[in-house]
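I am opening my notebook to look around a new structure. Come along and follow my entries one by one.

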Amino acid sequence: MSDPSHKLSIGSLLRRPETGSFLGLAAVFVFFTIFGGTNFASVSGAASWLNVAASLGIIAIPIGLLMIAGELDISIGSMVPAGSMTCAIVSGHFGLPIAVGVVAAFALGALVGLVNGLLVVRTAVPSFIVTLGTLFAVAGLTLGLSVLITGTTSVSIKAGPEAKFLLGHFINGIYQVTILWWIAAAIFWGFVLHYSPYGNWILAMGGDKVSARNAGIPTERVTIVLFMCSGMSAAFVGLSQAILYNSAQVSAGQSYIFNAIISVVVGGVLLTGGYGSVVGIVLGTLTFAIVNQGIYYTPFDANWASLIIGVLLLVAVLMNNTFRKMALSYTPSRNPSRKLK
Amino acid sequence: MMTRPLLTLSGINKSFGPIDVLHDINLEVYPGEVLCLLGDNGAGKSTLIRLLSGVHKPTSGTITLADKPAAFASPRDASNAGIATVHQFGGTFPLMSIGRSFFVGEEPKKGWGPFKTFDRKTANDIAVKAVRDLGITRITDGDRLVGGLSGGERQALAIARAVHFGASVLILDEPTAALGVKEAAHVLRIVLQARQKGIAVIFITHNVVHALTVGDHFAVLIKGAKAADFRKGEKTREEVTDLMAGGEQMAELEAEIKSYMSSHPV
Ligand SMILES: Nc1ncnc2c1ncn2[C@@H]1O[C@H](COP(=O)(O)OP(=O)(O)OP(=O)(O)O)[C@@H](O)[C@H]1O
Ligand SMILES: [Mg+2]
């Protein structure tokens, strides 16, 4: 997906950031089809991992873009429940229209992202530390305010049919509608990173922030906008879960932090920035979800899933390093069949 | 020189917190001339050109570009004003393609409305041609990653970019440092071409031969202050060399080395 008119050849495919993640996905899929049997690859089996992949994927893409730009956002772990609770308190507890709850959750996500972005840009403290701070701060605020306002840590919410249709129903009774939102998000971010000029800015910032700024890129503004997008994406996942399950809990989201980072890294994004693709992140997310859910279709104990994910992560990183080296050392002039311009 | 200066610096001071780096710099840069900025390591050359390229703002003093005050808030402001700079380090992005790296911040677009896309083909074609014009003919494919190029090829890519975008002022901070003899000669030729087009060039180098080959006008910084400002032919090569070494008498140094060598036979 990265560049439209690439000549297709084995060589050019091997040099793309998502090659490793594609091979990883294929390996994992074959493994679970063999050991998970027909149930794993069946329609309902597919739904179980697609549903997990969808909400994770909506968060993983902006996290991946931040990583490509050389930053990290772990505050999403609190932003998911915060978005959920905001929507449930506004529309469930206070009974305001669901649209108000949705807007409030998005606004909170944007605000947390703005704070993250401003702190990172102004203080030059590494974004891991900044967002570790906001991870705890937002978790504390969510818990404190929820108890203060509603007296409980779990709030129920009744959404109307339109909201249910858009954000919280199962297509064919098994596929969460968030899968469609994930696809939309992937197309949107894929366009931004690989086709729009802004993608170039993001890649350049992750490659060398000082040179990017010297080249005239408004690096601070781009950083802040990316943090706001990741905050809003996490809020979106939170609010859509509240609408789907008709309730919101204070603590449900910390697992997104590691899961999103694993998906992004398995997807071929370089942890230090400057390299990666949206297709890769999508494939990485699918791989993670398949291991996470596929284990239930095998005769193995579910505890082994973490082992597989750990090994997968290491193998994926090694493989991605190899493919990146191949991309770097590629010189067309060694290929005599290609003529000079 | 009969023409009016394109770029005028008056009373420029720059400090980073308690560290004073530049003191009261006055300098004039003329169109169609090469100003060689010389000086020892840490003299403040890079800091001075960072003020001109919008990276830093002067603590006090004014910069005038084409008779208008120029207070650049960002590198983008400076490049919009026609000032293109190759900074001493960096300037290229190892994991990006040649075409993408060349156009960072100035991306060519195609399509309409919100669906404008990065025009990869145009970017690649222009970038490859620009680098080849600098004499690096090994580069033929704009999709190659910059990190696969040699240090000199990367330097040439950064220079090619600045030449492409530098409408009125071209600033090169030690552009020949990583280059071989042939590539350095190409860069010097590019500098002279830019000068011929009426562009004002600011050229920083530690190489006396390079400086004397292209320079019309020389300014020497010593410990952040302008120690000398002279035109081509006003000083001998020995005098220039002395000034570049921070004013130390090069002859003294040579004598010292000679006596050391004779007292320590190999
Ligand atoms: N951002 C900064 N903060 C503090 N001090 C700085 C900063 N930038 C430069 N300096 C100091 O200013 C002085 C001049 O640095 P500068 O890079 O301008 O030297 P230079 O003349 O380009 O040297 P070289 O020939 O080695 O490139 C140095 O002592 C450096 O430590
Ligand atoms: Mg310097």
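Here are my notes on a predicted model, patch by patch and pair by pair.

**Entry 1: a nonpolar patch on chain A**

I then looked up which elements give two or more residues to the patch, and they are α2 (19–41) and α14 (304–328) of chain A. The largest share, four residues, belongs to α14(A). I also checked Phe300(A), which sits in the loop between α13 (278–294) and α14 of chain A. Its relative accessible area is 34%, so I wrote it down as partly exposed.

**Entry 2: the magnesium ion**

Which atoms coordinate the magnesium ion (ligand 2)? I found OG of Ser46(B) and OE1 of Gln88(B), at 1.9 to 2.2 Å. These two residues are 42 apart in the chain. Ser46(B) belongs to helix α1 (residues 45–52) of chain B, while Gln88(B) is in the loop between β6 (83–86) and α3 (98–102) of that chain. Is Ser46(B) buried or exposed? Ser46(B) is buried, because its relative accessible area is 13% and the cut-off for buried is under 20%. Gln88(B), at 25%, counts as partly exposed.

**Entry 3: salt bridges**

I picked out some in chain B.

Arg231(B) and Glu33(B) meet with N to O at 2.8 Å. Arg231(B) is in strand β12 (residues 225–231) and Glu33(B) in the loop between β2 (19–29) and β3 (34–39) of chain B, so this pair ties together parts that are 198 residues apart in sequence. Glu33(B) is buried at 4%, whereas Arg231(B) is partly exposed at 29%.

Asp143(B) and Arg120(B) form another salt bridge, with N to O at 2.6 Å. The two are 23 residues apart: Arg120(B) is in helix α4 of chain B, and Asp143(B) is in the loop between α4 (120–133) and α5 (151–165). I noted Asp143(B) as buried at 15% and Arg120(B) as buried at 10%.

My last pair was Asp216(B) and Arg195(B), whose closest N and O atoms are 2.8 Å apart. Asp216(B) lies in the loop between α7 (208–214) and β11 (217–222) of chain B, and Arg195(B) lies in helix α6 (residues 181–196), 21 residues away. Asp216(B) is buried at 10%, but Arg195(B) is partly exposed at 29%.

Methods:
Residues numbered from 1 in each chain as written. Chains lettered and ligands numbered in written order. Predicted model: local features only at pLDDT ≥ 70, side-chain atom pairs only at ≥ 80, totals over all residues. Heavy atoms only, no water. Buried < 20%, exposed > 50% of the residue type's maximum accessible area, 1.4 Å probe, protein only. Donors = N, O, S within 2.8 Å, 3.2 Å for Na, K, Ca; no water. Salt bridge = Lys/Arg side-chain N within 4 Å of Asp/Glu carboxyl O.
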